[in-house]
Amino acid sequence: MTMVLRVVLIVMSVLVLVVMFRKIRQAKARIEDSMFWVFFALLLVLFSVFPGAADWLSGLVGTMSTANFIFLLMIFLLLVKSFSMSLRISQLETRLKDLVQRIALDNNDREEEKEEKDS
């Protein structure tokens with residue numbers, strides 16, 4: 001792994017950590033959601049500080065270079081995160097639809113009760 005790649009990985013990791021900790025302090029990000037990004041950044045720092053670990057894993061997986069392995073791993077992790085976020089969005093949409101239907105039914109019941117009282 002080249003020194004330039006190592007420096008870029010460390011700088012980007014530190015930036016991700018700083019942004020995430022700011023967002024947590026400002027209450028704009030939940031700690032549970034932020035843990036993924038903290039883990040992501042720490043993994044990049046680990047590979048930057050100990051390039052031998054990335055080299056070993058690269059050889060184990062069979063990628064041609066360590067940089068390719070790191071990019072492949074990060075793309076995989078981001079795909080997993082994207083999939084989990086898609087599941088969460090789907091669940092929230094279902095819950096939102098149920099709540100809208102429940103509110104509509106409650107409003108309809110109130111209107112019917114009001115009409116019965118007026119009659």
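**Entry 1: aromatic rings**

I count two rings of Phe, Tyr or Trp as a pair if their centres lie within 6.5 Å, with the six-membered ring taken for Trp. The model I am reading is predicted. With that cut-off, I looked up the ring pairs and found 4 aromatic pairs in the structure. In one of them, the ring centres of Phe36 and Trp37 are 4.9 Å apart and the planes stand at 85°, so I logged this pair as edge-to-face. The cut-off for that label is an angle over 60 degrees. I then noted that ring pairs join Phe36, Trp37 and Phe40 into a cluster.

For Trp37 I read 29%, so I put it down as partly exposed.

**Entry 2: nonpolar patch**

Met3, Val4, Val7, Val8, Val11, Met12 and Leu15 make a nonpolar surface patch of about 650 Å². I took Val8 from this patch and placed it in helix 1, which covers residues 3-25.

**Entry 3: negative patch**

Which residues gather in a patch of negative charge on the surface? I listed Asp106, Asp109, Glu111, Glu112, Glu113, Glu115, Glu116 and Asp118. I checked Glu115 on its own and found it in helix 4, residues 66-118. Its relative accessible area is 52%, and Glu115 is therefore exposed, the cut-off being over 50%.

I also looked up Lys114, which lies in helix 4. Lys114 is exposed as well, at a relative accessible area of 56%. I took a C-alpha distance from Lys114 to Glu32 and got 45 Å, for a separation of 82 residues in sequence.

I turned to Leu60, which I found in helix 3, residues 51-61. Leu60 has 58% relative accessibility and so counts as exposed.

Where is Gly62 placed? I found Gly62 in the loop between helix 3 and helix 4. Gly62 is exposed, at 52% relative accessibility. The C-alpha atoms of Gly62 and Leu96 are 45 Å apart, and the two residues are 34 apart along the chain.

**Entry 4: Leu73**

Last, I looked up Leu73, a residue of helix 4. The relative accessible area of Leu73 is 21%, so I recorded Leu73 as partly exposed; under 20% would have been needed for buried. The C-alpha of Leu73 is 22 Å from that of Val18, and 55 residues separate them along the chain.

Methods: Residues are numbered from 1 along each chain as its sequence is written. This is a predicted model: local features need pLDDT of at least 70, side-chain atom pairs count only at pLDDT 80 or more; totals for chains, interfaces and linings use all residues. Side-chain values use heavy atoms; hydrogens and water are left out. Patches are made of residues with over 30% relative accessible area and no salt bridge: like charges are joined within 9 Å, nonpolar side chains (Val, Leu, Ile, Met, Phe, Trp, Tyr) within 5 Å. Accessible areas come from the Shrake-Rupley method with a 1.4 Å probe; for residues, only the protein chains shown count as cover. A salt bridge is a side-chain nitrogen of Lys or Arg within 4 Å of a carboxyl oxygen of Asp or Glu. Lys and Arg count as positive and Asp and Glu as negative; His and the chain ends are not counted. The place of a charge is taken as NZ of Lys, CZ of Arg, CG of Asp or CD of Glu. Helices (H or I, at least four residues) and strands (E, at least two) are DSSP runs, numbered from the N terminus. Buried means under 20% relative accessible area, exposed over 50%, partly exposed in between (1.4 Å probe, protein chains only). Rings of Phe, Tyr and Trp (its six-membered ring) pair if their centres lie within 6.5 Å; planes under 30 degrees apart count as stacked, over 60 as edge-to-face and the rest as tilted.
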